[in-house]
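Here is a short briefing to read alongside the coordinates. Have the viewer open and follow along as we go from a helix pair to the chain contact.

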Amino acid sequence: MEMTDIFGRLAWADLVLLDVFRSPSVDTAVSSGAAWIMVLGAVAVVVWLTVAGRWGWLWRDWLTTVDHKKIGIMYITLGFIMMARGIAEGVVMRSYQATAYQGGAFLSEEHWAELFSTHGTVMIFFVAMPFITGFMNYLIPLQIGARDMAFPVLNQISLGLTGTGAALVMISLALGGFETGGWTAYPPFTGADFDPGPGPDYWVWSIVLSGFGSMFSGLNFAVTIYKMRAPGMDYLKMPVFCWTALCTSILLIFALPPLTVAGLMQALDRLLGFHFFTNDLGGNMMNYANLFWMFGHPEVYILILPAYGIFSELTATFAAKRLYGYTSLVMATMSIAVISFGVWLHHFFTMGQSPSINAAFGIATAIIAVPTGVKVYVWMATLWRGRIRMTTPMVYMTGFFILFTIGGFSGIILANPAINWQVHNTQFIVAHFHNVLLPGLIFGIFAGIHIWFPKAYGFRLHERAGTITAILWIVGFAMTFLPLYAVGLLGYPRRSAAFDDPAFLPYMYVSLTGAFILLAAFCGLFVTLGISIRNRDSLAVPLGDPWDGRTLEWATPSPPPPWNFPVIPQVSSLDAFAKEKAEGKPYVQPAEYRDIELPAPTSAGMVVMVSTTALGFALTWWIWWLAAAAAFGLVAYFFVRSFFEYPHVVIPAIEVQRVNEAWIEALHLCTPVNRDHEDDPRNRGHAATDMAIAS
Amino acid sequence: MSQETNVHPGMNLGYTDGEHEAEVKVFGFWVFVMSDLVTFGLVFAIFGTMAGATAGGPGPEDVTDLKSIALQTALLLGSSFGFSWASLSMKYHDQRWRTLGWLAVAATSALSFLIVEAIDFRDWYHMGAVPQRSGYLSALWALVGLHGLHVAGGLVWMAAMTGQILRYGLTDQIKSRVTRMGLYWHFLDIVWIGIFSMVFLAGVA
């Protein structure tokens, strides 16, 4: 038996860890260094788990759980781990461009191309997607008054598939390297002729496998929202975050198939010599561009809509007012979801369509700004004459308002094909999409973490540390990305490895400084977390309603019990909990308690993750026996599993009663705290409501 | 959500608590089928754009053997027909052998479909109509192959259902699974009708 039978095309030379020893240079030091950081980080985690005896805890409490709340937290944790990599790459990239004048940069051009490809892939698929999926996981069942997702095991499997994608991208750091064709991986540049691998193969399999996970998440969320709402909660009585989640789910169901199809066709081209996107024998690269952006544009709204949902909840809560124009907001969200399928071509206006086609897509793109504008006005009207508390979420909201509007306007500029021709493929584009994704999506997520972290862990995040971090994000963003509009207009092509115009230099230096501020802001998140953990006693809000919240998740203790609600709540209006509080009778108690059945833990998600990671790795490296074994193992596992009744855990009524009554008693013993003391130790999560007038 | 309406009379579960659970699962499966239909739709669209991209190689008139296609169509529609009878017998008769018999008819018919399809693939291979030859052939193999893979997956599913019916009888859960399998099976028929008319009939028209 030959080595290639066992290891495919994997060879010692692919071990990036050793590159720096084989040919020492700054370039290899950076790539090997990154690989070593990852490997040593993984080893450190393993050592810690072993020394602290935490393996059982990790397996039983987290990896095998089907509790939507824990799955949500795991998604967000994954997002942060991957974000560390994405931000580090961002800083290296800004350093590169600041030194790229007349080709003097400190990395090879190949390495630079790899950096912008992984940065984009990681940030979109393994930071932004896990963040929004995590939030939807955590919040949907709590907000609609359900005990879990419609398909709890499928939910865990989705997480496993997302983990597979992230794992493959991380493995590429140490073994063989990633592709160099940007996060969109356009063939034929990423085809077998120009790049035999393994980079594009890593991309294909991480995207395709995690894409299945995202599609199943969308399916799960949509079915949960359609079928599992508490009795009385009509569609127009759903919290607005659930509306945005529903629209995102619909987009996930319809927009992920194009990505899967594009990825698998690319794989067929690369592995079996098909001719979908090749230069010769009838292949057509434009099919790839169309498929990719049929996914890619809805994807933008998949990411941003849940953030809109968070901002909507945020304005209403922290202005102590009912959301102004709920119905228009719902309609705007739905309009965006529908129109987002009709604009994909604006990503390649310059690639040879007729002017009339470009015009049609340009008009559609401009139209989609209208519902987005509606939203901005809805939020402004909600804040208008509200009792605004300038806490950390509102700081993020302020940054969002100003910066996101700039990003939105640059989008409208780009919607015009004639202007688009002038600035396409320049730094202007880089500025634009960072301008919508960072202040839009990421600020929304961080604001959301400040709001819902106390729900998940029972203590608030430290307010001053949070505010400083938020300001760092805002300043860092502005300095890093706003200068790129200018250099873009001056004609600096994006992704270029070097530039010759000294006029770009000052902008590059400002941008580099901004990147370091963003790095500090990212560290600020962990400093905030550390300070908060240290002061968790004075920040504790176990009673569950620290912000005078409006929706059902605040009517539970923090953290909520695994069954969420002792009995499924009855809903009679929008903002169900706010209404109860305004009427002076919150915390309605059940007349009788019943046993609660919850799905039992299962290792299905881990089986899927391990086998699909092996499958993706094997197909990347042509290790055919492993690919066959992994695929067969996966099918066999589910075949056999289907023969067994899926077990449930029963929580006895007496236990539910004990937990619930202990909470209610604590509520009665605690003096409600009004909004002026929201931010001090007196806030134990029992809000003296401010809503009697405002609602 | 309401327990009073019998939303899935086809399953004959009666007015039980299981009704809501079955409703959620069947609805979820509809959503999956919808997403899968988008996948097929996209592969159809790619096929459409590549229909002329034969690059001087074999074209539709070379790969289309209408006799074989007619036989495949009959076998696949026959399989769906057999499955309908399995569903009906599940609804009206609580006899596992009756349902299993019809499932066996459906499975045999689908397996024969796959064999005839495989013979077609072999013939294409021998005439040099391999996917590596041209964009058109790539799209043809991918589209027909994707459908074939779905049918093969369905056969594995049917094997699992057969084993479960033998072991547990026609329980509520198994009825719900057979109902979902039926959705999948008839959906594959509809896709085949698309392939039959768009790929083969239109190819030689």
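A crossing of two helices is called left-handed if the near helix is turned anticlockwise from the far one by less than a right angle, and right-handed if clockwise. With that in hand, note that this is a predicted model, and that the crossing of H10(A) and H12(A) is left-handed.

**The helix pair H10(A) and H12(A)**
- H10(A) packs against helix H12 of chain A, residues 355-383, at an angle of about 15°, and the two axes are 9 Å apart.
- Because angles under 35 degrees count as roughly parallel, H10(A) is roughly parallel to H12(A).
- On the H10(A) side, the contact uses A:Tyr308, A:Phe311, A:Ser312, A:Thr315 and A:Ala316.
- Facing them from H12(A) are A:Lys375, A:Trp379, A:Thr382 and A:Leu383.
- By class, the residues of this contact are five nonpolar, three polar and one charged.

**Where chain A touches chain B**
- Chain A puts 32 residues into the contact, and chain B puts in 32 residues.
- On the chain A side, the elements giving two or more residues are helix H8 (199-227), helix H9 (240-272), helix H10 (285-318) and helix H20 (624-641).
- H9(A) gives the most to that side, with nine residues.
- The side of chain A that touches chain B has 23 nonpolar, eight polar and one charged residues.

**Confidence**
- For the complex, the predictor gives an ipTM of 0.94 and a pTM of 0.96.
- Chain B has an average pLDDT of 92, and 91% of the residues score at least 70.
- Where pLDDT is low, the predicted coordinates should not be read in detail.

Technical notes
Residues are numbered from 1 along each chain as its sequence is written. Chains are lettered from A and ligands numbered from 1 in the order in which they are written. This is a predicted model: local features need pLDDT of at least 70, side-chain atom pairs count only at pLDDT 80 or more; totals for chains, interfaces and linings use all residues. Two residues are in contact if their C-beta atoms, placed from the backbone, lie within 7 Å. Helices (H or I, at least four residues) and strands (E, at least two) are DSSP runs, numbered from the N terminus. Ala, Val, Leu, Ile, Met, Phe, Trp, Tyr, Cys and Pro count as nonpolar, Asp, Glu, Lys and Arg as charged, and the others, Gly among them, as polar. Axes are lines fitted to C-alpha atoms, for helices over the stretch in contact, and angles run from 0 to 180 degrees between N-to-C directions. Angles under 35 degrees count as roughly parallel, over 145 as roughly antiparallel, 65 to 115 as roughly perpendicular and the rest as oblique. pLDDT is the predictor's confidence in each residue, from 0 to 100.
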